[in-house]
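Student: I have a multi-chain model to go through. How should I read its interface, its helix packing and its sheet?

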Amino acid sequence: MLSIIIVKRLSMTYKAPVREAGLGAALLSLFQRKYREIQAVQGISFELEPGEVVGFIGPNGAGKTTTLKILSGILHPTSGEAHVRGFVPWRRERGFLKSIAMIRGSQPIGGPGELTVLDSLRFQQLIYEVPNDAFHKNLAELTEMLNLEPLLQRQVRALSLGERMRCGLALSLLYRPRILFLDEPTLGLDVTAVSMMRRFIADYSRQMQATTLLTSHYMIDVETLCKRIVLIDKGMLKYDGNLEGLSATLSPYKLLKVTVSNGVQPAWDAFGEVVESEGSKVALRVHREQVPAVTARVLADLPVADLSVEDPPLESVIDQVYRKGGA
Amino acid sequence: MRDVIQLLHVLGIGIWRTFLEWLAWRAFLFTMVINQAVTPLMGLAVWSVALPGSTRISTYYVALLAVQLMTVSYEHHTFSNGIYAGALNHDLLRPQPVVMGPLGANIALRIWHLLVGLPLIIIAAIVSGVSFDLRAILLAIPSLVLAAVLRFLFTYLLALSAFWTEQAHGVVGFGETLIFLLGGSAAPVTLFPTSIRPLGESLPFQSMLGFPAAIAGSSLSAMEILAGYGWQMLWIAVFVLLVVFVWRSGVRRYTAIGG
Amino acid sequence: MKLFRLFGAIFSLSLRRELAFRAHLVFQGLMTIVGVISGLAVLGIIYTQTHTLGGWSLGEAITLLGTFQVVSGILSTFIEPNVMWFSDQVKDGKLDHVLIQPVPSIFLVSLGTCAPLALSQVVVGVVVMVLGLRELGTLPTLWGVSGWLLLLVAGIAITWASRVLLASLAFWAPYITPDVLYGALWQFGRYPVSTYRQPIRFVLTYVLPVAFIATFPARALIHGADPLLLVIGLAVGLIAIAIVLLVWNAGLRCYTSATS
């Protein structure tokens with residue numbers, strides 16, 4: 001199938017002014033501006049097929065949001081190519097813009113805050129040229145799925161974050177975009193709102209066959225929604241594939257969870273690194289290749305009540321990557 | 001006596017801090033100075049065409065430019081915005097009178113306006129070919145100080161309206177229009193129609209802007225100068241009383257309502 | 001065209017928003033009237049000392065003031081509310097939201113908000129113009145009125161273009177706000193441009209064409225329009241718009257947005 005999003009060696013570099021502290025440096029900066037070059041994105045390449053839901057993960061400042069902004073046409077990259085639905089994003093052609101939506105968790109709704117939600121929706125209809133019957137149909141569906149009825153007459157700026165997120169979703173999906181860029185959509189939401197959001201995204205992308213690119217710091221979002229993960233660190237692509245493969249690549253360890261019968265306190269260090277221990281249960285970190293050998297020894301030498309071999313939780317794997325740049 | 005010295009010390013620190021703070025905003029200061037200089041400069045341009053050949057009017061307006069820069073008051077920004085943002089609570093907790101804050105900021109800003117605007121004043125003086133009598137300038141300096149005090153009191157009084165209304169900026173703006181019309185910026189008081197002139201001389205607006213400029217431009221007689229000083233001191237006394245009174249009722253309202 | 005419908009929607013939404021603040025409404029109206037009376041008072045005093053200001057009589061000067069007020073009103077309604085926030089938007093990356101939408105960004109940024117109640121200034125301006133014409137004792141011809149209208153539109157286009165141009169500087173130097181300067185220089189337009197001496201007069205006619213804004217239209221209304229001036233006005237207006245569009249697109253290429 002032909003890819004709908006194609007990114008080739010995309011790079012984005014920009015200059016940020018720097019200045020040291022102190023009065024002297026402040027005065028000097030009147031005459032001389034010093035800059036630091038920041039390489040937000042360095043030569044990344046990947047492709048997405050229609051209907052894929054891909055998770056974009058990486059530490060803060062890794063370049064995820066910058067990549068999303070380039071793909072949505074907000075920024076011009078310094079070099080490289082990108083094509084979305086055949087369009088070049090930063091040319092910002094109308095046909096392109098009418099088929100994408102960008103939802104940012106930190107600012108779900110742009111635009112004037114004094115408008116009511118319904119007014120904002122009508123305004124959105126005008127901007128995206130949604131025909132009247134489609135507008136009413138979509139509005140009815142969105143109102144029902146997102147429970148917008150009590151919010152429609154209220155001013156945008158008077159809404160809580162969760163309510164704003166729901167309205168932001170409605171505003172973005174009103175014109176049925178085929179491409180969704182979601183930047184930390186669950187940021188700051190409470191538990192009910194988060195699960196609603198996840199369900200909604202999953203349903204929408206399935207129904208509309210919408211290609212979705214999602215960034216999040218909450219691994220559970222990525223685990224439940226995405227089959228494919230792209231890991232970006234310091235502007236470079238570090239991994240592109242599925243979840244299980246990620247653990248295997250990044251963390252060559254597995255977790256061996258052993259429960260022993262009461263009364264026994266073995267020296268666990270001989271078998272592997274103790275990650276957790278609680279009474280008679282222990283979790284050991286063991287190198288993948290050594291798992292069969294260690295498991296055999298444990299079963300042979302100790303009175304085992306229960307044993308399982310698991311991948312380390314994605315959170316801790318990613319945590320290690322973020323902290324050390326590799327597990 | 002000790003308290004006075006302590007207050008002056010606090011004031012000095014306040015001035016220095018605001019002065020440094022605005023160092024970072026120097027580009028904005030430039031635009032502020034230009035905005036303040038526009039009306040005197042326009043007055044200069046228009047009146048020297050209306051009365052061609054009168055060096056006295058040009059001298060007056062160049063002096064007015066200098067006085068304007070040294071008496072600017074932005075209390076609707078430094079003070080009223082504080083009330084609207086709820087920041088007054090911090091100031092009320094401090095042991096010094098709240099007026100110290102805006103006063104310090106006011107003086108620092110005036111110093112900045114003079115520094116940044118000095119080239120402009122010099123250029124205007126050269127271009128319009130005016131020359132000043134040193135004695136006249138010396139005579140004008142005390143009135144300049146009094147005018148600076150009076151204009152601060154006036155603007156501060158208007159800024160206190162923020163206790164009662166959201167439109168403090170509009171109130172101060174209205175005051176500025178009055179200063180423009182009756183204070184000597186629209187036309188020097190010497191050119192007012194004879195029916196209005198006594199009114200113009202006695203109202204506080206002259207005392208806070210045009211009077212020092214008129215002295216420096218050597219356009220007033222000795223009697224008029226003396227009378228002007230008298231008016232300045234009278235108005236300062238009046239406004240000090242008004243400010244204290246309005247401040248007290250304002251604070252009472254603020255603390256009762258909760259800001 | 002879609003842009004017109006969008007503009008209409010923006011206008012009606014802004015009107016609804018402003019009508020919600022009644023005290024502000026009253027105050028604004030008062031301030032406009034006070035401002036105009038102040039302007040007339042100044043002219044009054046000036047004309048007790050002289051009969052002509054740069055070749056303009058009292059009636060002519062009042063008509064000029066009225067025209068100036070009309071243009072100021074239109075600018076305050078449609079352009080002012082947008083240009084104020086622009087460099088903040090660039091600094092904070094709030095421009096992103098605008099860039100995503102399938103409408104030319106320059107339209108949304110420079111005309112996306114309006115303050116419809118400032119149109120009261122236009123009404124007051126027209127009243128002042130009528131006063132001025134009465135003082136002159138002349139009735140403008142159809143040719144004069146159309147010349148006035150055309151030059152007014154050209155003047156507004158030029159002002160819009162120059163302000164957006166100044167605001168676009170924020171793409172390359174986000175820490176300066178040159179537009180505040182514009183407000184100051186703008187005031188020079190309330191008097192006939194012939195009042196000012198030569199270097200200033202040149203600047204005000206050709207560099208920052210404040211003269212176009214009030215002096216030329218007013219002159220057209222009173223004395224009849226000079227066809228050459230009309231053609232120049234139209235040409236300059238169109239060139240200004242073309243330049244702004246170029247600079248704007250160049251600026252967008254450099255936009256780096258705020259890192260999240």
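Tutor: We can begin with the contact between chains B and C, which takes 24 residues from chain B and 27 residues from chain C. Keep in mind that this is a predicted model.

Student: Which helices of chain B each supply at least two residues of the side that touches chain C?

Tutor: They are α2 (26-50) and α8 (168-182). The largest share comes from α2(B), with 11 residues. By class, this side of chain B has 17 nonpolar, six polar and one charged residues.

Student: How is a pair of packed helices described?

Tutor: Two packed helices are described by the angle and the distance between their axes. In chain B, the axes of α3 (residues 55-71) and α10 (residues 204-216) come within 8 Å and cross at roughly 135°. That angle makes α3(B) oblique to α10(B). Their crossing is right-handed.

Student: Which residues of α3(B) meet α10(B)?

Tutor: They are B:Tyr60, B:Ala63, B:Leu64, B:Val67, B:Gln68 and B:Thr71; the residues they meet in α10(B) include B:Met208, B:Leu209 and B:Pro212. The contact of α3(B) with α10(B) has 10 nonpolar, three polar and no charged residues.

Student: And the sheet?

Tutor: Strands of a sheet pair through backbone hydrogen bonds, either parallel or antiparallel. In chain A, six strands form an open sheet in the order β5-β6-β7-β3-β8-β9, with mixed pairing. The edge strands of chain A, β5 (100-104) and β9 (236-242), each pair on one side only.

Student: In what sense do β5(A) and β6(A) pair, and over how many bridges?

Tutor: β5(A) and β6(A) (residues 179-183) pair in the parallel sense over five bridges. A:Arg104 has A:Asp183 in β6(A) as its bridge partner.

Conventions: Residues are numbered from 1 along each chain as its sequence is written. Chains are lettered from A and ligands numbered from 1 in the order in which they are written. This is a predicted model: local features need pLDDT of at least 70, side-chain atom pairs count only at pLDDT 80 or more; totals for chains, interfaces and linings use all residues. Axes are lines fitted to C-alpha atoms, for helices over the stretch in contact, and angles run from 0 to 180 degrees between N-to-C directions. Helices (H or I, at least four residues) and strands (E, at least two) are DSSP runs, numbered from the N terminus. Angles under 35 degrees count as roughly parallel, over 145 as roughly antiparallel, 65 to 115 as roughly perpendicular and the rest as oblique. A crossing is left-handed if the near helix is turned anticlockwise from the far one by less than a right angle, and right-handed if clockwise. Two residues are in contact if their C-beta atoms, placed from the backbone, lie within 7 Å. Ala, Val, Leu, Ile, Met, Phe, Trp, Tyr, Cys and Pro count as nonpolar, Asp, Glu, Lys and Arg as charged, and the others, Gly among them, as polar. Two strands pair if DSSP finds at least two bridges between them.
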